[in-house]
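User: I've got this model open and would like to go through it piece by piece. Can you take some questions as we go?

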Amino acid sequence: MVTAIGGPRILLRQLRETMAEPLASQDRLDKIVDLIAENMRADVCSFYVLRDDGALELFATHGLKREAVHLTTLRLGEGLVGLIAAEAEPLSLQNAPEHPSFAYRPETGEDPYFSFLGVPVLRAGQTLGVLVVQNQERRAYGEDETEALLTTATILAEMVSTADFDSLVKPGSDIDLRRTRMFNGVGFSEGIALGQVVLHDPRVEVTNFVADDTDAEKVRLEAALKTMRVSIDDMLNSGDMQIPSDHREILESYRMFAHDRGWARRLEEAIDSGLTAEAAVERVQNDTRARMLRQTDPYIRDRLHDLDDLANRLLRILTGDGTAAGKDLPENAILVARNMGPAELLEYDRTKLRAVVLEDGAATAHVAIVARSVGLVAVGQAENIVSMSEDGDDIIVDGYTGAVHLRPSPDIEATYVDKVRLSAKRRAHYAALKDKRAVTRDGIEITLLQNSGLLADMGTLEETGAVGIGLFRTELQFMIASKMPRVSDQVELYSEAMRLAGGRPVVFRLLDIGGDKVVPYMRSMAEENPAMGWRSVRLALDRPALLRTQVRALLQAAKGGPLKILVPMVTETAEFLKVKRFILKECDRLPRLGFPKPSEIEVGAMIEVPSLIFELDRLLPETDFVSIGSNDLIMFLTAADRANPRVAGNYDPIARPRLKALKMIVDAAGAYNRPLTMCGELAGRPMEALALLAIGMDRLSMGASSVGPIKELILGLELGPVRRAMADLLENGTREDTPRELLSEWAERQRLSL
Ligand code: PEP
Ligand code: MG
């Protein structure tokens, strides 16, 4: 075997010097391939760069004909070079021409070379190009040589991403890394946003690649690994983590990787080849990301994501870098993340944030609801977008269709600028409807209400013409605060909300925290099934001081006027009665504390837990009104987690069994003469809203942006015949069509705008 002259460390040092020399870009690249060839005793060293049109262009060579540079191209997947680029895996061959993928390029004068070693040049797992060495003689390249070439490729990747490199790119083409990309996600919150990427988990910038002292780098790595292992163990051993949960499972998987000898060995090998500890982590992370981008098995992809997160942690320990929350945002910031909780989203400066794009997520997850309620455009399930984005990249998010355009071309941008104008027109069209009553063509009046939770979204009441706030999610104030809001803070928010409502009714829902609504300053227990755990009214009843503070704040905020309080997640009548009595008792105390009693106090129950449907005859007489939370109710009826994108969309919420359950509530509320509102996300989606109207509902509460479209639907609708057809479908077991099919047919017949 031929051994390399001076080994990889010498080469790296030479490369570092070459990078710093005042050379023209092509000269620098030529010198680099010369140095690699010399150091590895290779007859040929070539560097191919992946262009945005999918071609791999020869950018520099030592040993092949110089005339071929910038002329020879291979397609992705074509030839050995194309294969390496497509699979992002090294390839080492003793007899290259025999390989089925070998492609002969006469202009390069390549025929006499038998041995071939090629490695992908990666950045964040994406292929930037391919680096190849070749020898005339048949020889096997050792693993250490593959490793050395991979290390060299890490340095080249840095060079490709610098502005200096741009002068080498032919006019009219670009490197693939900067290619425009489109993602077909799912729209969570409507609207169009144009802006710049802010990575929620920002990439740690490694600036120092070449180690001066390999032993010292190993010591740094070992210390960082130790710090990381200890911090994971601490998290796992903390009291909160003693119960099995998703979070615990992730930490367990972190711990497994953190102690994995294979991973540590790969990191050490990368240091051995001359890299600093952080560059070594990035090198190994690149391989993980490349595998992640090509992995289709969701379980394995999740584990690779965990390993990627862990590498980020390690990089942060090594470089001392922080995370994105709290940092200064650019104007028109668009947050890109794998996933995040609603509280994390609310930590950002909302005056600059325009949109959020997630790789995971589901439309009824609270992060999506919060995005809607604070007026952010949101798209979820944009696969792999985190790896493909860089901080500061231009991005367009279309919350109507779920499309996300990263680094859009000027024509796409122009189209969207038009679309924004058009959506402004659409808004103007809906605004023109705002003073119209929502009455169907056959004279049935529907009450349209708006969901809210922050003062920021109260202002839209004037624009939408909704007749009140059907659901004020009081927990949002708790989620954005850094410490528990005091009574005075709460009184201020509630009275300001009532003032902004200008006499329209506001239904205040008592705190609904727990599950995925995390309040940072409250110790929460890790639970295996948080959605079915210690949340909402269960938590409030266990923490009477918390409940009392809120109830007092609401009673005081009413300032002697009427007050409506909604109790969330009621599971049985007795639970509702407990809260109601609690409220009435507090109300009786008001005069003694020097405050007037509300002129009228109404207490309602949310129907979100299925078993309550079978106790409506006991519950309804005790309530003043009821409200259906379809997000939770449908989740529990279908046993499909609303926050889990793999199952959240699997079952049609308006399929027969769900509609029948909803109809039971509608009928009972009618029989007991209790106002019934739908305040879950179903109410704001045209087809689903039509289904609700068809089963007899007439009060819908929804996000502000849905009020106009739903009103337009109602104004064009003749509801009577649709109600009769739906009653027939639900009662007559012999009909084959689904409710959705039936409604589509009616929508077409009546030319409804869905
Ligand atoms: C619901 O569950 O439908 C609801 C309105 O409450 P939330 O989405 O806040 O859980
Ligand atoms: Mg709910």
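User: Are Glu608 and Asp632 buried or exposed?
Analyst: Keep in mind that this is a predicted model. A residue counts as buried when its relative accessible area is under 20%. Glu608 and Asp632 both fall in that class, so the word for the pair is buried.

User: How many residues apart are Glu608 and Asp632, and where does each one sit?
Analyst: Glu608 is in the loop between strand 19 (601-607) and helix 20 (616-622). Asp632 belongs to helix 21 (residues 630-638). The pair thus links distant parts of the chain, and the separation is 24 residues.

User: Which strands stand at the edges of the open sheet of six strands?
Analyst: The order across this sheet is 3-2-1-6-5-4, with antiparallel pairing. The strands at the two ends each have a single partner strand, so one side of each is left without a neighbour in the sheet. Those edge strands are strand 3 (73-75) and strand 4 (91-93).

User: What does the twist average from one strand to the next?
Analyst: We're still on the sheet with the order 3-2-1-6-5-4. Going from one strand to the next, the twist averages 20°.

User: What angle does helix 8 make with strand 5?
Analyst: Start with helix 4 (residues 143-160), which packs on the sheet and touches strand 1, strand 5 (115-123) and strand 6 (126-135). The direction of helix 4 makes about 40° with that of strand 5. Helix 8 (residues 277-294) lies across strand 5 and strand 6, and its angle to strand 5 is about 85°.

User: Which residue follows helix 9?
Analyst: Helix 9 (residues 298-319) has 22 residues and reaches 31 Å from its first C-alpha to its last, close to the expected 32 Å. The residue after helix 9 has a positive phi, near 75°, and is Gly320.

User: What share of the protein's residues count as buried?
Analyst: The protein has 26 helices and 22 strands. Of its 754 residues, the buried share is 55%.

How values were computed. Residues are numbered from 1 along each chain as its sequence is written. Chains are lettered from A and ligands numbered from 1 in the order in which they are written. This is a predicted model: local features need pLDDT of at least 70, side-chain atom pairs count only at pLDDT 80 or more; totals for chains, interfaces and linings use all residues. Side-chain values use heavy atoms; hydrogens and water are left out. Helices (H or I, at least four residues) and strands (E, at least two) are DSSP runs, numbered from the N terminus. Buried means under 20% relative accessible area, exposed over 50%, partly exposed in between (1.4 Å probe, protein chains only). Two strands pair if DSSP finds at least two bridges between them. Axes are lines fitted to C-alpha atoms, for helices over the stretch in contact, and angles run from 0 to 180 degrees between N-to-C directions. Contact means heavy atoms within 4.5 Å. The expected span of a helix is 1.5 Å times one less than its number of residues.
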